[in-house]
Amino acid sequence: MSTVVEVALHIVVVLAAFLTLPLLVGQMEHKAMAHMQSRVGPMYAGGFHGWAQLIADGVKFAQKEDITPAAADARVYRLAPAVALIPYLVVMVAIPIGPGLIGQDVDAGIFFILAVMGIGVLGTLMAGWASANKYSLIGAVRQASQLLAYELPFVLAAASVAMAAGTLSLVGIVDAWEPWWLLWQLPGAIVFFIAGLAELNRPPFDMPVADAEIIFGPLTEYTGLRFALFLLAEYAGIVVLCLLTSVLFLGGWQGPIFDSWVWTLAKAGVLAFVVIWLRVSYPRLRADQLQRLAWQGLIPVALLQLLLTGVVRVAW
Amino acid sequence: MVDQTRSSGRGAGLLKGLGVTFKTMTKRSITDQYPDVKPELPPRSRGVIALMDENCTSCMLCARECPDWCIYIDSHKETIPAPETGGRERTRNVLDRFAIDFSLCMYCGICIEVCPFDALFWSPEFEYAEFDIRNMVHEKERLVAWMETVPAPPAVDSRAEEPKELIAARKAVEKAAQAPSVDDHGEA
């Protein structure tokens, strides 16, 4: 009986984190982006500096009509937002936040997370194909090419950390982590973070949804709650990426003075700020630039990182 | 060779871009929070045209010069009794109606330029939107009320020519000061 209660409690906590953290990131994006562009951002919703803007947005989305285009492949079209969103929820379960603070410790945590995160992208592909819209299709194809290019360095960089720690368990990796890894695994960390950004379609890697060229790519036809779910998936993706980067490369809950889940969240928060910062600072990459960055930049660096990790591991 | 310098410059540019956005974030944003905070407009803002009706002689110059014909003036003549017995009776114009149709006005300011008696002024006031275009004709009372919002004229530039009024006044004073000394000479 107690295990049932425990599982239920874990699920509730993870779900609560899943629903609030993306909103926090979204609000930070609203405000940080505004101030980086010398604006003030939302100021009215909720009374104090527009803190309730995203809640208001959610209410607005819920009120909108749910439209399925006549020519669309209705079942796939309706399923796509769920396919995009749920993997991130599942991934959240397996990410450790603090010592013992984890939804469910999975032995091969890295494998599990990388595999499940790959499914999330499938939702965008489904949306693009099922919308029966040429812009959506172009966006989906761009998404597919981007996925092919960036999944490889993403996995390679994660593999480097797993190799360094000698375990595939996320908890094990954090336990094995030492501060000098910051330098040792730095190239891998950068590759992992950039490739993760590209998988999430965050600017400057937002070519699949490039709103100035192809309206909103695979999301063009979506309205109301289904569109909101896609947006939520994007921000949940940021949360997952930032938590993963801090767990794999920045030592998770290890910190100066004391070890606590506060450190994990603080590191992830700083990374989320960097995600927004990059979005504001850089223009969108063109298709060829995107491919060149992945194949000529990130993948060689990730392979060299693997080599470095292997050499250091053997030599030690 | 050229390619190399470009690629090294690109990395610096990326960092510079991050620096620019971060620096902007630390500075105060330039947003005017308009309905909550009134904007500070420059003194010569062309918001609305205000009327000082005491100065108006109903000469109709503004109405005639207006390219849009958006100024409506009605007046009648009034006779003022002679100030002293045997004097001549004077007539003067009394302004009955002075209205500007701001749906036609193109804010050129010719009426203000052309007014010989300084009866029209620019005011920076701009909050007089209406839901119906027919309500954009504003009558004398409203135009006079806007006089309160007319800012004091900007100070004359320190190296500018002295205003003509001041020159005339000073000359008059000098003349008055010289006149008694001429008398002195005459007596001596």
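At what angle do helix α3 (residues 74-94) of chain A and helix α10 (residues 224-248) of chain A pack? The views below take this up first. This is a predicted model, in which local features need pLDDT of at least 70, side-chain atom pairs count only at pLDDT 80 or more, and totals for chains, interfaces and linings use all residues. Residues are numbered from 1 along each chain as its sequence is written, while chains are lettered from A and ligands numbered from 1 in the order in which they are written.

**View 1. Helices α3 and α10 of chain A pack at an angle of about 30°.** Their axes, lines fitted to C-alpha atoms over the stretch in contact, lie 8 Å apart. α3(A) and α10(A) are therefore roughly parallel (angles under 35 degrees). Helices here are DSSP runs (H or I, at least four residues), numbered from the N terminus.

**View 2. Residues of α3(A) and α10(A) make the contact.** Contact requires C-beta atoms, placed from the backbone, to lie within 7 Å. From α3(A) come A:Pro81, A:Ala84, A:Leu85, A:Tyr88, A:Val91 and A:Met92; the α10(A) side includes A:Arg226, A:Phe230 and A:Val240. By class, the contact holds 12 nonpolar, 1 polar and 1 charged residues.

**View 3. Chain B touches chain A.** Here 11 residues of chain A meet 8 residues of chain B. The chain B side has 3 nonpolar, 5 polar and no charged residues.

**View 4. B:Leu15 sits in helix α1 (residues 2-26) of chain B.** B:Leu15 is exposed (12 or fewer other C-beta atoms within 10 Å) because its count is 10. From B:Leu15 to B:Ile30 is 15 residues in sequence and 24 Å in space, C-alpha to C-alpha.

Conventions: Contact = placed C-beta atoms within 7 Å. Nonpolar A, V, L, I, M, F, W, Y, C, P; charged D, E, K, R; others polar. Axes fitted to C-alpha atoms, helices over the stretch in contact; angles between N-to-C directions. Helix = DSSP H or I, 4+ residues; strand = E, 2+ residues; numbered from the N terminus. Parallel < 35°, antiparallel > 145°, perpendicular 65-115°, else oblique. Buried ≥ 20, exposed ≤ 12 C-beta atoms within 10 Å, placed from the backbone.
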